[in-house]
Amino acid sequence: MLEKPVIIKDVLEVDLFQDLWLEMNKYTKWSLTNFSYGKTVGDQQVSWGLMPKNDSILWYKAASIIKLKLLRHLRQKIQLCKLHFNAQTRGQISEFHKDFDEENCWTFVLFTESEWNTQWGGEFVSQHSITGEYFYVPYIPNSGALIPAHWHHYGMSPNAVTDKARTTIAFSYMAVDDLDKVLNNENHPLIDKVRKFV
């Protein structure tokens, strides 16, 4: 188990990173569809969702490269099980959430804006599930953080200094044996969450 987030810099080659940015920001439409279901925000729309084609080779090429980098830290067979695209503009305050309850799942959040000043905010915040310790990772383009997917986490919105959106892609991976169990059981509660990505 990870004791703190694993931070990876220069995650993707520059050309692939730029292509991802173009795909997310030039060729695909964002829509205000992400909600928070917490106690303080209620059902307000707190971030922008991206509805890209699931078959884009760019997403899977990036996911494969990230997977290889994660294997050095996880040391077990994993497979992509979910992609989540997110954008926040200033004032869109998200709340702590988990991506999965299962312990053999991990999320890597890639910071996808090509230009970002750390004074604009946008930190990634996570909380260790046992110790309760909080971790803050600055938003730096083409870097990211790996955490167990059952840790509470959220992305801080940009502050008043900028009108740019903070964009991310969350790549979630599951232990291969556990993912096989999900995919081989049509009644598994996770089947709809993971089926379209594998």
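Which residues form one aromatic cluster? The cluster consists of Phe-111, Trp-116, Trp-120 and Tyr-139. The model is predicted, so to speak of local features a pLDDT of at least 70 is needed, side-chain atom pairs count only at pLDDT 80 or more, and totals for chains, interfaces and linings use all residues. Residues are numbered from 1 along each chain as its sequence is written, and side-chain values use heavy atoms, with hydrogens and water left out.

The chain contains four helices and ten strands. These elements are DSSP runs, numbered from the N terminus: helices are H or I runs of at least four residues, and strands are E runs of at least two. Along the sequence their order is β-α-β-β-α-β-β-β-β-β-β-β-α-α. Contact means heavy atoms within 4.5 Å. Among contacts between residues at least 6 apart in sequence, 79% join residues at least 24 apart.

The chain has 198 residues, and 48% of them are buried. Buried means under 20% relative accessible area, exposed means over 50%, and partly exposed lies in between (1.4 Å probe, protein chains only). The accessible surface of the chain is about 10,600 Å². Carbon and sulfur atoms account for 50% of this surface. Areas come from the Shrake-Rupley method with a 1.4 Å probe; for residues, only the protein chains shown count as cover.

In soluble globular proteins, nonpolar side chains tend to be buried together. A nonpolar core is a set of buried Ala, Val, Leu, Ile, Met, Phe, Trp, Tyr and Cys residues joined through side-chain atoms within 4.5 Å. The largest such core here holds 27 residues. Leu-12, Leu-70, Phe-108 and Phe-171 touch the most other members. At least two core residues come from each of strand S1 (6-8), helix H1 (14-25), helix H2 (57-74), strand S4 (78-88), strand S5 (105-111) and strand S10 (166-175). H2 gives the most, with seven residues. Beyond its neighbours within four places in sequence, Leu-12 is in contact with Phe-17, Leu-20, Ala-62, Ile-65, Ile-66, Leu-110 and Asn-142. A second, separate core has twelve residues, including Trp-116, Phe-124, Val-137 and Ala-170.

Aromatic pairs were counted next. Rings of Phe, Tyr and Trp (its six-membered ring) pair if their centres lie within 6.5 Å; planes under 30 degrees apart count as stacked, over 60 as edge-to-face and the rest as tilted. The count is seven pairs. Phe-96 and Tyr-154 form an edge-to-face pair, at 4.7 Å centre to centre and 80 degrees between the planes. Phe-96 lies in the loop between S4 and S5 and Tyr-154 in strand S9 (residues 152-155), so the pair ties together parts 58 residues apart in sequence. Phe-96 is partly exposed, at 34% relative accessible area, whereas Tyr-154 is buried, at 17%.

Phe-111 and Tyr-139 form a tilted pair, with 4.7 Å between centres and 35 degrees between planes. Phe-111 belongs to strand S5, and Tyr-139 to the loop between strand S7 (134-137) and strand S8 (144-148), so this pair ties together parts 28 residues apart in sequence. Phe-111 is buried, with a relative accessible area of 0%. Tyr-139 is also buried, at 1%.

The structure holds zero disulfides (pairs of cysteine sulfur atoms within 2.5 Å). For Cys-81, the nearest cysteine sulfur is that of Cys-105, 5.2 Å away. Cys-81 is buried, with a relative accessible area of 0%. Cys-105 counts as buried at 1%.
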